[in-house]
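Q: Please take a close look at one part of this model, the place where the two chains meet. Then set it beside the contact between domains within a chain and the salt bridges elsewhere.

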Number of protein chains: 2
Amino acid sequence: MENRLDQLKALKYFVAVVETGSFTKAAARFSVPPSSLSRRIADLESSLGSNLLKRSTRVVNLTEIGREYYNQVSKTITELENSNEVVRSYQAKPMGQLRISSMVGFGEKILLPLLDEFNNLYPDIILDVHLSDQLSTLGHDDVDVAIRGGYAPNERVIAQRLMGNQFLPAASASYLTRMGTPRNAMQLQDHKGLYYRTPTGPTAWLCDLDGQWQDVSAPAVAISNGGYWLIDKAIKGEGIIMLPRWILQPYLDRGELQLLDIHPPITTTQNPAFAIYLLYQKQRYHVPKVKAAVDFITTRVKHQYPY
Amino acid sequence: MENRLDQLKALKYFVAVVETGSFTKAAARFSVPPSSLSRRIADLESSLGSNLLKRSTRVVNLTEIGREYYNQVSKTITELENSNEVVRSYQAKPMGQLRISSMVGFGEKILLPLLDEFNNLYPDIILDVHLSDQLSTLGHDDVDVAIRGGYAPNERVIAQRLMGNQFLPAASASYLTRMGTPRNAMQLQDHKGLYYRTPTGPTAWLCDLDGQWQDVSAPAVAISNGGYWLIDKAIKGEGIIMLPRWILQPYLDRGELQLLDIHPPITTTQNPAFAIYLLYQKQRYHVPKVKAAVDFITTRVKHQYPY
DNA sequence: ATTCTTTATTGTCAAAATGACAATAATTAA
DNA sequence: TTAATTATTGTCATTTTGACAATAAAGAAT
């Protein structure tokens, strides 16, 4: 009655056909003839009593129930592969390829400098760092650890807080002597603003006035997603800029910019828990290479940037 | 390199051994000799490179990593079984999204009124009705059942005849008293015609005279793809109209129009089998939602419109 | 419309994996 | 020490899967 069939193999074939959209391409991935996939998937369909794929000689696409099934089993299969990897790498040393995904700015400023040291510590780990501000789903992508602003996407993923990401206002000394130093949020109307454009839009200045969030943005001098161009303008005294502390810090240290102390405080998001998080799959934490990277990054970042 | 092993079966054996604490008891659960479990689990351990179980002749218990592995895969296996169950139940009960494509006129007049009842009968089927006179290819489009005039496009599609679609001549009483009632096809030359324009052109009046098809159209008063406008004109007595019976019927019932009995009979197509067909794909596995819709529509239509 | 090309399926046979049954080894209880 | 239970192993039969050629079908090109 029950299946006389290697269902797992059939599922791997099925998933590959869905992802490549072709029996031939999927067969190449396993180095077997397409007929094998055709047979195994036909058996799978037979055991389920359903057509999963709509085939024609040119195009293969999913049936309604096939799509549903694919969504479920593709996740299940990667989970299983993860479990296998955990066992295989049990009591093994950190090694292999490690994919890290990070926001561009954070990657360039903070992550990559750390990774040089990581490389020395774990020479058997080959790093594959991908910098992008697009959020990836982590789990469907082949990413071991990811660094993102915001919150954890779902509960299957662990989000380890790395550092705050509050945007702070800053300006150069020349600007402040010329325009005066604002102390109150309402005074900002008479100042000039340099606005950083995130992937989700420009970052307006917000202020919690008596429990009401209000936009207290100063008139704009420039808006850009090019952070350095804006910082340059700020240093030249063209306006007030709001950026995360970890970007501002070197300029503050050199005295090129100084933080503004505004009351009530202004931010760019209504959520105070806005921060940078390190994301990884819970089950993969026991894979030595992943554990090594997670532990290394969190301890180093928290030590060097304790805010 | 990769496992030449039915891992899923091995996992089921493994889980059973863990849960029963015994190879023999677990083997009984599958009705196979204990040696099978022993072999499969040994293969599994070999492919993972770790011992999962600590065996002795009296007790079987888990190693540390075996426990970790068990915790993960037991959950994964039940997830997979659930997915299988979802697909199997999809085959058992009419459910899911059902896309119906129909000609506009037929859809508005006949199909949609029926579908309200269908909705009550099968609340788990979500209908998505698309009305259009463009022929869709059915199969390339995501259409489960389609209603079209004409014939079956190819043999992978089943065409179930719903009702005749012969165009019949009709006119109002006022027209006939004024212009006379034509009995012979040749007399039509002295009458007036109202012509319905199908997507493939206006529908000329044809007649089989001694084995020769001839155009016996009356001089045109109006040509349009707007059926109601033409019917209106016919009722006002402006000419003879040819339309399918299922459109004419309500006007005949109310006495606003009456059929003409012309010899030899005139039609708009040379093929006498011209009818309205319900089309659906021949599938290897029966999809209940499709079967439900096909059966429902054919029985209802044939009962209510038995011509 | 017709031909050409690509691609999935099917037939047939070989190879591999799994199951069955008996025999063996090992551990624990008596 | 002995007896009994139980996992493992040897050997062979069965079943499943893979390989390769041939076929059929559908889209693309002309």
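**The interface between chain B and chain A**

A: In this predicted model, 41 residues of chain B are in contact with 37 residues of chain A. The two chains bury about 3,400 Å² between them, and 46% of that area lies on carbon and sulfur atoms.

The polar side of the interface can be counted. Between chain B and chain A there are two salt bridges, and 13 residue pairs are in polar contact, with both residues at pLDDT 80 or more. On the chain B side, α1 (7-20), α3 (34-48), α4 (64-92) and β3 (96-102) each supply at least two residues that touch chain A. Of the elements of chain B, α4(B) gives the most to this side, with 17 residues. By type, the residues of chain B that touch chain A divide into 13 nonpolar, 14 polar and 14 charged.

One salt bridge between the chains joins the side chains of B:K289 and A:E64, with N and O 2.4 Å apart.

Chain A is divided into domain 1 (7-88), domain 2 (96-164 + 274-304) and domain 3 (167-267). The centres of domain 2 and domain 3 of chain A, taken over C-alpha atoms, are separated by 29 Å. Nine residues of domain 2 of chain A are in contact with four residues of domain 3 of chain A. These two domains bury about 560 Å² between them, with 72% of it on carbon and sulfur atoms. On the domain 2 side, A:K109, A:I110 and A:D133 lose the most area to domain 3 of chain A, together 57% of what that side buries.

Across this domain interface there are zero salt bridges and zero residue pairs in polar contact, counting pairs with both residues at pLDDT 80 or more. Both α5 (104-121) and β6 (157-164) of chain A supply at least two residues each to the side of domain 2 that touches domain 3. The largest share of that side, five residues, comes from α5(A). The residues on the domain 2 side divide into four nonpolar, two polar and three charged.

Salt bridges are also found within chain A. Over all chains the structure holds 28 of them. The side chains of A:D6 and A:K9 meet in one, at 3.8 Å from N to O. A:D6 counts as buried because its relative accessibility is 14%, whereas A:K9, at 22%, counts as partly exposed.

Another salt bridge pairs A:D43 with A:R40, at 2.5 Å from N to O. These two residues are separated by about one helical turn because they lie three residues apart in helix α3 (residues 34-48) of chain A. A:D43 is partly exposed at 33% relative accessibility, and A:R40 is partly exposed with a relative accessible area of 26%.

A:R254 forms a salt bridge with A:E256, the closest N and O atoms being 3.4 Å apart. A:R254 is exposed, with a relative accessible area of 53%, while A:E256 is partly exposed at 28%. Elsewhere, A:K75, A:E79, B:K75 and B:E79 are joined into one network by salt bridges that share partners.

Definitions and conventions:
Residues are numbered from 1 along each chain as its sequence is written. Chains are lettered from A and ligands numbered from 1 in the order in which they are written. This is a predicted model: local features need pLDDT of at least 70, side-chain atom pairs count only at pLDDT 80 or more; totals for chains, interfaces and linings use all residues. Side-chain values use heavy atoms; hydrogens and water are left out. Domain bounds come from an automatic or database domain assignment. Contact means heavy atoms within 4.5 Å. Buried area is the accessible area (1.4 Å probe) that two parts lose on being put together, summed over both. A salt bridge is a side-chain nitrogen of Lys or Arg within 4 Å of a carboxyl oxygen of Asp or Glu. A polar contact is a pair of N or O atoms within 3.5 Å; within protein, one must be able to donate a hydrogen and the other to accept it, and residues adjacent in sequence count only if both atoms are side-chain atoms. Helices (H or I, at least four residues) and strands (E, at least two) are DSSP runs, numbered from the N terminus. Ala, Val, Leu, Ile, Met, Phe, Trp, Tyr, Cys and Pro count as nonpolar, Asp, Glu, Lys and Arg as charged, and the others, Gly among them, as polar. Buried means under 20% relative accessible area, exposed over 50%, partly exposed in between (1.4 Å probe, protein chains only).
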